[in-house]
Amino acid sequence: MTDQQVAHFTEVFNRNRATLSLFSKCSTKDELDIVRDAFFLGMASQLCPNEYESMRESLITDESAFDAIASSINTDKGLETTVTAARASPHWLDLVTAVHAVSNAVGSDLDGIWNTLEKGRLDWLGAVAAAHPLKVILKEALDKDKNKTERDEVDMKMVYIYALSLSIESLANESEAWRKVVGMKNKANPLQDYNGDLWDPRKEEWRPLDLGVQEAAERGGSSFQAAWDA
């Protein structure tokens with residue numbers, strides 16, 4: 001590969017970053033797979049013209065595929081319909097293989113890039129789902145407290161951050177350290193024997209836990225505040 005070819009690949013990749021960023025809108029593995037394959041389609045349209053044109057022609061000549069795509073244009077199902085039709089094309093595997101061949105030739109690991117995004121998203125979705133029941137309890141308590149203060153909300157957010165950390169494998173040591181600091185007997189129930197005076201964010205054990213959860217949220221294409229507000 002020449003420097004010019006590498007530069008072209010980089011340019012095409014950057015043009016398709018918007019498609020990659022859709023991973024942050026996904027709620028399931030199936031939705032993530034659609035975004036991944038839409039990204040491959042976008043890359044192939046500019047890097048692998050022969051394979052892309054063969055697939056495109058197969059969709060045009062397939063009446064059912066053509067009608068499905070045409071009727072889904074400018075709808076929420078447009079991307080999914082197009083990807084589904086492309087996958088059913090006899091030329092889909094050739095297209096994906098060609099994209100990977102080009103990326104490998106320039107030293108780019110597209111699967112590695114995607115797997116990192118996918119894992120980050122799924123890990124975060126799992127953490128949010130696991131901590132949701134506790135978040136509901138925390139927010140209901142805040143809503144019912146007519147005398148609540150900003151500190152009360154900070155306290156509840158700290159509990160939620162801790163709950164999220166329990167599902168983030170890389171934060172196992174940090175969550176355990178915090179459990180010990182606040183004298184928590186049951187790590188799965190931070191509200192049991194809760195002592196607000198011990199939940200002090202100025203303690204040195206809190207910062208790595210707090211930052212770790214925020215970083216996990218970023219890897220998942222989200223933020224802690226977005227999870228709290230949802």
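## Exercises on a predicted model

Asn16 sits in the loop that joins α1 (3–15) to α2 (17–20). Keep in mind that this is a predicted model. Let's work through it from that residue.

**Exercise 1. Decide whether Asn16 is buried or exposed, and find which residues it is in contact with beyond its neighbours within four places in sequence.**

*Solution.* 
- Step 1: Take the relative accessible area of Asn16, which is 7%.
- Step 2: Compare that with the cut-off for buried, under 20%. Asn16 is therefore buried.
- Step 3: List the contacts, leaving aside neighbours within four places in sequence: Phe39, Gly42, Met43 and Gln46.

**Exercise 2. Count the aromatic pairs in the whole structure, then classify the pair formed by Phe13 and Phe39.**

*Solution.* 
- Step 1: The search of the whole structure gives 8 aromatic pairs.
- Step 2: For Phe13 and Phe39, the ring centres are 5.7 Å apart and the planes stand at 85 degrees. Planes over 60 degrees apart count as edge-to-face, so this pair is edge-to-face.
- Step 3: Now place the partners. Phe13 belongs to helix α1 and Phe39 to helix α3 (residues 29–47), and the pair links distant parts of the chain, 26 residues apart.
- Step 4: Check burial. Phe13 counts as buried at 10% relative accessibility, and Phe39 is buried with a relative accessible area of 3%.

**Exercise 3. Classify the pair of Trp178 and Trp199, and say which aromatic cluster includes these residues.**

*Solution.* 
- Step 1: The ring centres of Trp178 and Trp199 lie 5.8 Å apart, with planes at 80 degrees, so the pair is edge-to-face.
- Step 2: Trp178 is in helix α10 (residues 172–181), while Trp199 is in the loop between α10 and α11 (206–219); the pair therefore ties together parts that are 21 residues apart in sequence.
- Step 3: Both Trp178 and Trp199 are buried.

**Exercise 4. Describe how α9 and α10 cross, and name the residues that make the contact.**

*Solution.* 
- Step 1: Two packed helices are described by the angle between their axes and the distance between the axes.
- Step 2: The axes of helix α9 (residues 150–165) and α10 come within 9 Å and cross at roughly 135 degrees.
- Step 3: That angle makes α9 and α10 oblique to each other, and their crossing is left-handed.
- Step 4: On the α9 side the contact is made by Met158, Tyr162 and Ser165, and on the α10 side by Ser175, Trp178 and Arg179.
- Step 5: Look at Arg179 of helix α10. With a relative accessible area of 18%, Arg179 is buried. Not counting residues up to four places away in sequence, Arg179 touches Tyr162, Met184, Lys185 and Lys187.

**Exercise 5. Repeat the analysis for α3 and α4.**

*Solution.* 
- Step 1: The axes of α3 and helix α4 (residues 49–61) come within 6 Å and cross at roughly 120 degrees.
- Step 2: α3 and α4 are therefore oblique to each other, and α3 passes α4 in a left-handed crossing.
- Step 3: The contact involves Leu41, Ala44, Ser45 and Leu47 of α3, together with Pro49, Tyr52 and Met55 of α4.

**Exercise 6. Find which ring the charged end of Lys139 sits over.**

*Solution.* 
- Step 1: The charged end of Lys139 lies over the ring of Trp228, 5.2 Å from the ring's centre.

Technical notes:
Residues numbered from 1 in each chain as written. Predicted model: local features only at pLDDT ≥ 70, side-chain atom pairs only at ≥ 80, totals over all residues. Heavy atoms only, no water. Helix = DSSP H or I, 4+ residues; strand = E, 2+ residues; numbered from the N terminus. Buried < 20%, exposed > 50% of the residue type's maximum accessible area, 1.4 Å probe, protein only. Contact = heavy atoms within 4.5 Å. Phe/Tyr/Trp six-rings, centres within 6.5 Å; stacked < 30°, edge-to-face > 60°. Lys NZ or Arg CZ within 6 Å of the ring centre and 35° of its normal. Axes fitted to C-alpha atoms, helices over the stretch in contact; angles between N-to-C directions. Parallel < 35°, antiparallel > 145°, perpendicular 65-115°, else oblique. Left-handed = near helix turned anticlockwise from the far one by under 90°.
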